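These are my notebook entries on a structure that I looked up. I record side-chain pairings and the places where they occur.

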Amino acid sequence: MSKTQIPYKIYLSENEIPRHWYNLNAVMPVKHDPFLNPATLKPCTKDDLRPVFCDDCIEQEFNRTDLYIDIPEEIRDFYKMYRPSPLVRAYCLEKALGTPAKIYYKFEGNNTSGSHKLNSAVAQAYYAKKQGLKSITTETGAGQWGTALSMAAAYFGLDLTVYMVKVSSEQKPHRREVMRTYGAKVIASPSDTTEAGRKILKEFPGTGGSLGCAISEAVEKAVTTDSCRYVLGSVLDHVVLHQSIIGQETKAAMEKYGIQPDMIIGCCGGGSNFGGLIGPFMGDKIMGKNNIDFIGVEPASCPSLTRGKYAYDFCDSAKITPLARMYTLGCGFMPAPNHAGGLRYHGMSPIVSALYHQGYMRAVTVEQTKVFEAAEKFARIEGILPAPESSHAIRVAIDEALRCKETGEAKTILFGLTGTGYFDMTAYKQYNDGAMTDYIPTDADLQKGFDSLPDIPQNK
């Protein structure tokens, strides 16, 4: 197919918004290990999770058999406000790089929250409302999840408390104000409002916080508040499920024009965005229908896949959540405060971890100055100011396109542009001022996190 036949932006129609989520769990021949109850070290039951999560989300979390799960019409109606999102051919970037590669990106920034996070936020808020709950709690790192959930909570009339990683709250006050505008109560984490927060502050005075810290506080708030549940923006299977709408739309748009990606690249923090983008493509790979090279990109300062251990670990810093087997740096790991993006979680989605462990994908790390160099190049060439998180994928997409230039290969590269960076100007300022530095933890730094791994038989 000639270049002129493929438009810059490929849109699906409103009627082509998927009616089902794609459950990657169902197609995986070897499932990831179950969550463990930390008190008994036995697999978690649905009842174990009911004090924390919404009932429908628990059902989805345990569903390993149904390849497709219905999207309720009320959620689809909300999706129609900003979906389908465009699949963009990066012609300008291709020309600037002088590469024979064909570069596409799925852009998830065309909504007020500015990111892909709204896909799961609306689903979880809907299920909370359906259950008759009055309030929900959550954590947020860079603020994209908190922003998305504040929108969804307002839409469904739910009270929301957001524990925002302290360093992000300081760096991104405008993101915080968007959440407050939508009615959310935002608390910098760790805080003195919870037992978990006070414990972390005592152990790590002056800490800038982490997602693990914020999760601890949000979960504590949920289980000690009437008619309240905790909702999570990444990591868990039901969140990956909700984000599969990204991959399904992408696959449908590509098939319209006979496009087959050779490589799919996405940023990896907790793993839901990456898992959602690759879902239906990975399902086909598992069934022997393609040989796509899947690449998860993580920050060098928080390298859970590339330098972590595949072990059972707590999902939070206060060690009150169930244990998940995942690639982890240890729940006691604290990212460096100069880490400018939201990819600061100590662990990785159990689904993505299992895919990596089983050899279906690979992972790479990049330093943040190189990430922002790519972000700047992309903004100047393609006209979109990307979020720091997405810019990890942009960096590797550019590197792979330049490799194609060296080898003469005309590979088709797809990456996920998960959101915009308009609330990340403190980080952009650091880069523009030449004040941004790279931090790569030493083995000794990582060992401090590994020392926090639970000493249980499953980790022997």
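**Entry 1: salt bridges**

I began with the charged side chains and found that the structure holds 30 salt bridges. I counted a salt bridge where a side-chain nitrogen of Lys or Arg lies within 4 Å of a carboxyl oxygen of Asp or Glu. The model is predicted, and local features need pLDDT of at least 70, side-chain atom pairs count only at pLDDT 80 or more, and totals for chains, interfaces and linings use all residues. Residues are numbered from 1 along each chain as its sequence is written, and side-chain values use heavy atoms, with hydrogens and water left out.

I looked up Arg-19 and found a salt bridge with Glu-73, with 3.2 Å between the closest N and O atoms. This pair links distant parts of the chain, 54 residues apart: Arg-19 is in the loop between S1 and strand S2 (20-22), and Glu-73 is in helix H4 (residues 73-79). I took helices (H or I, at least four residues) and strands (E, at least two) as DSSP runs, numbered from the N terminus. Arg-19 is partly exposed at 44% relative accessibility, and Glu-73 is partly exposed at 43%. For these words I used relative accessible area: buried is under 20%, exposed is over 50%, and partly exposed is in between (1.4 Å probe, protein chains only).

I then noted that Arg-50 forms a salt bridge with Asp-47, the closest N and O atoms being 2.9 Å apart. Arg-50 is partly exposed at 26%, whereas Asp-47 is exposed at 56%. Salt bridges with shared partners join Lys-46, Asp-47, Arg-50, Asp-55 and Glu-59 into one network.

I also noted a salt bridge between Glu-255 and Lys-251, again with closest N and O atoms 2.9 Å apart. Both residues lie in helix H12 (residues 237-256), four residues apart, which is about one turn of the helix.

**Entry 2: aromatic rings**

I found 16 aromatic pairs in the structure. Rings of Phe, Tyr and Trp (its six-membered ring) pair if their centres lie within 6.5 Å; planes under 30 degrees apart count as stacked, over 60 as edge-to-face and the rest as tilted. The ring planes of Tyr-8 and Tyr-91 stand at 70 degrees, with centres 4.7 Å apart, so this pair is edge-to-face. Tyr-8 lies in the segment before strand S1 (9-10) and Tyr-91 in helix H5 (residues 91-97), so the pair ties together parts that are 83 residues apart in sequence. Tyr-8 is partly exposed at 49%, while Tyr-91 is buried at 5%.

I looked next at Tyr-79 and Tyr-82, an edge-to-face pair with 6.2 Å centre to centre and 90 degrees between the planes. Both Tyr-79 and Tyr-82 are buried. They belong to a cluster linked by ring pairs, together with Phe-78, Tyr-126, Tyr-127, Tyr-155 and Phe-156.

**Entry 3: two loop residues**

I located Thr-194 in the loop between strand S8 (185-189) and helix H10 (195-203). Thr-194 is buried, with a relative accessible area of 3%. Leaving out residues up to four places away in sequence, I found that Thr-194 touches Tyr-163, Glu-217 and Glu-220, where contact means heavy atoms within 4.5 Å.

I located Leu-343 in the loop between strand S13 (323-328) and helix H15 (350-357). Leu-343 is buried at 7% relative accessibility. Leu-343 and Leu-211 are 132 residues apart in sequence and 9.1 Å apart in space, C-alpha to C-alpha.
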